[in-house]
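Here's a quick briefing on one protein chain, to read with the structure open.

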Amino acid sequence: MRRALLSVALLLPLVLIGLLYGTLSGEGAASSSKTDRNDRVMNPRDDNSTASGTPFKVVIDPGHGGKDRGATGASGSFEKDFTLKLARKVEELAKQEPRIQVYMTRTDDRFISSVDRERPTFANDLGADLFISIHGNTYEDPGVSGTETYFYHENSLSLADIMQRQVVQASGFRDRGVKHGDYFVLQETDMPAVLIETGYLTNPQEENAMLTEDVQSRIAASILEGIREYLNLH
């Protein structure tokens, strides 16, 4: 009996060590898995989704809509109409790129409440790789003009840099730079996200250009090119 009890006493520490090691290993695996998921969210360019034939999911968000008209341009135009036209052009051009699938937060003149956070929720539920919100700017001084791009999370900075450069080159508008902005569509999206103020609708000359088919087509092409560049799809 004494020999049996001695054997159990000697084995018990080994069993406890084994259980403890297994628990720690499991926690390490779980932590590693979480890190891997975060890396994929932070760096969609490293995601080899196109290798399996699955296109990258890009959400295009035409700002405002419905009773939310956004900025009123120098000629009386509404920002909501401009953003929808431009977003549709991006969507149409993207159909020629099989590695990119565009999803629109709205496809018509529909009001989207900011209270419900529908825009970022739509992108997050979709598991989108990128989120791009399109806007036209406004200011009380009609002489103010130019393009600026906003980001919030650090993982969106490089996307903002690319978009700013591409849109400025395409439009020829003044480069007002990349800026940090606390817009909820940038704060609450899980993927890299930017908000592009393509130009000032309250500037008569800039508005006139922004409402033309030619300039809209060039800006739309530059947005798609920026997406390609960021995702390394050249």
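Let's begin with Ala74, which sits in the loop between strand 1 and helix 2. Keep in mind that this is a predicted model. Is Ala74 exposed, buried or partly exposed? It counts as partly exposed, because its relative accessibility is 44%, and the cut-offs are under 20% for buried and over 50% for exposed.

**Around Ala74**
- Setting aside neighbours within four places in sequence, Ala74 is in contact with Leu201, Thr202, Pro204 and Glu207.

**The overall layout**
- The protein chain has seven helices and six strands.
- Of the 234 residues in the protein chain, 44% are buried.
- Take the contacts with a separation of 6 or more: 79% of them are between residues 24 or more positions apart.

- In soluble globular proteins, nonpolar side chains tend to be buried together.
- Here the largest nonpolar core has 37 residues, and the members touching the most others are Ile60, Ile132, Ile134, Met163, Ile223 and Ile227.
- Which elements give two or more residues to this core? They are strand 1 (56-62), helix 2 (79-94), strand 2 (100-104), strand 3 (130-137), helix 4 (157-171), strand 6 (193-200), helix 6 (204-210) and helix 7 (213-230).
- Helix 7 provides the largest share of this core, with seven residues.
- Another core lies apart from that one; it has ten residues, including Ala123, Ala128, Phe131 and Leu195.
- Back at Ile227, the contacts beyond four places in sequence are Val58, Ile60, Ile100, Leu130, Ile132 and Met163.

**Helix 2 against helix 7**
- These two helices pack with their axes 9 Å apart, at an angle of about 55 degrees.
- That angle makes helix 2 oblique to helix 7.
- The crossing of helix 2 and helix 7 is right-handed.
- On the helix 2 side, the contact is made by Phe82, Lys85, Leu86, Lys89, Val90, Leu93 and Ala94.
- Helix 7 answers with Glu213, Gln216, Ser217, Ile219, Ala220, Ala221, Ile223 and Leu224.
- Sorted by class, this contact has ten nonpolar, two polar and three charged residues.

**Helix 4 against helix 7**
- How do the axes of helix 4 and helix 7 meet, and at what angle? They come within 8 Å and cross at roughly 150 degrees.
- Angles over 145 degrees count as roughly antiparallel, so that is the label for helix 4 and helix 7.
- Helix 4 passes helix 7 in a right-handed crossing.
- Helix 4 brings Ser158, Leu159, Ile162, Met163, Arg165, Gln166, Val167, Ala170 and Ser171 to the contact.
- Across from them, in helix 7, are Arg218, Ile219, Ser222, Ile223, Glu225, Gly226, Ile227, Glu229 and Tyr230.
- By class, the contact of helix 4 with helix 7 comes to nine nonpolar, five polar and four charged residues.

**Two backbone angles to look at**
- Arg117 isn't a glycine, but its phi is positive, near 55 degrees.
- You'll find Arg117 in the loop between strand 2 and helix 3 (118-126), and at 29% relative accessibility it counts as partly exposed.
- Asn232 also has a positive phi, near 55 degrees, again in a residue other than glycine.
- Asn232 belongs to the segment after helix 7, and it counts as exposed because its relative accessibility is 54%.

Terms used:
Residues numbered from 1 in each chain as written. Predicted model: local features only at pLDDT ≥ 70, side-chain atom pairs only at ≥ 80, totals over all residues. Heavy atoms only, no water. Core = buried A, V, L, I, M, F, W, Y, C linked by side-chain atoms within 4.5 Å. Buried < 20%, exposed > 50% of the residue type's maximum accessible area, 1.4 Å probe, protein only. Helix = DSSP H or I, 4+ residues; strand = E, 2+ residues; numbered from the N terminus. Contact = heavy atoms within 4.5 Å. Axes fitted to C-alpha atoms, helices over the stretch in contact; angles between N-to-C directions. Parallel < 35°, antiparallel > 145°, perpendicular 65-115°, else oblique. Left-handed = near helix turned anticlockwise from the far one by under 90°. Nonpolar A, V, L, I, M, F, W, Y, C, P; charged D, E, K, R; others polar.
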